[in-house]
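The following exercises concern the fold and selected local features of one protein chain. Each task is followed by a solution in steps.

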Amino acid sequence: MSLYQFEACPFCVKVRRAMKRQSVNIELRDAKNNQQHRDELEAGGGRIKVPCLRIEKDGQVEWMYESSDIVTYLEQEFA
Ligand SMILES: N[C@@H](CCC(=O)N[C@@H](CS)C(=O)NCC(=O)O)C(=O)O
């Protein structure tokens, strides 16, 4: 899993706090300053909007937008 995010985005802060609460270590990818990560997000997820969680499971890739959906997902997966 990896989280495409901006450092100063409040919705990203919310997700990073949830990760900390759940003690989940997810690679953070800066989609503001890193052009490669920006391109990956746009190509894979469909738009530059953060936070976006890239989930790879059984060879399938899912791009999850919306901070509340991501927090709920993390709570379900790592409760
Ligand atoms: N409802 C979204 C809001 C996310 C959002 O507005 N993120 C801003 C950065 S703080 C963004 O990516 N804006 C670009 C856009 O919406 O196209 C969430 O909770 O994740």
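A contact means heavy atoms within 4.5 Å. The model is predicted: local features need pLDDT of at least 70, side-chain atom pairs count only at pLDDT 80 or more, and totals for chains, interfaces and linings use all residues. Residues are numbered from 1 along each chain as its sequence is written, and side-chain values use heavy atoms, with hydrogens and water left out.

**Exercise 1.** Determine which residues S2 touches, and whether S2 is buried or exposed.

*Solution.* Step 1: locate the residue; S2 belongs to strand β1, residues 2–5. Step 2: list its partners, not counting residues up to four places away in sequence; S2 touches I26, E27, R29, C52, L53 and R54. Step 3: classify it, where buried means under 20% relative accessible area, exposed over 50%, and partly exposed in between (1.4 Å probe, protein chains only). With a relative accessible area of 2%, S2 is buried.

**Exercise 2.** Describe the order of elements in the protein chain and its radius of gyration.

*Solution.* Step 1: count helices (H or I, at least four residues) and strands (E, at least two), which are DSSP runs numbered from the N terminus. The protein chain has 3 helices and 4 strands. Step 2: read them from the N terminus, which gives β-α-β-α-β-β-α. Step 3: apply the globule rule, 2.2 Å times the number of residues to the power 0.38, with the radius of gyration taken over C-alpha atoms. The radius of gyration is 12 Å, close to the 12 Å that the rule gives for 79 residues, so the protein chain is as compact as a globular protein of that length. Step 4: consider sequence separation; among contacts between residues at least 6 apart in sequence, 51% join residues at least 24 apart.
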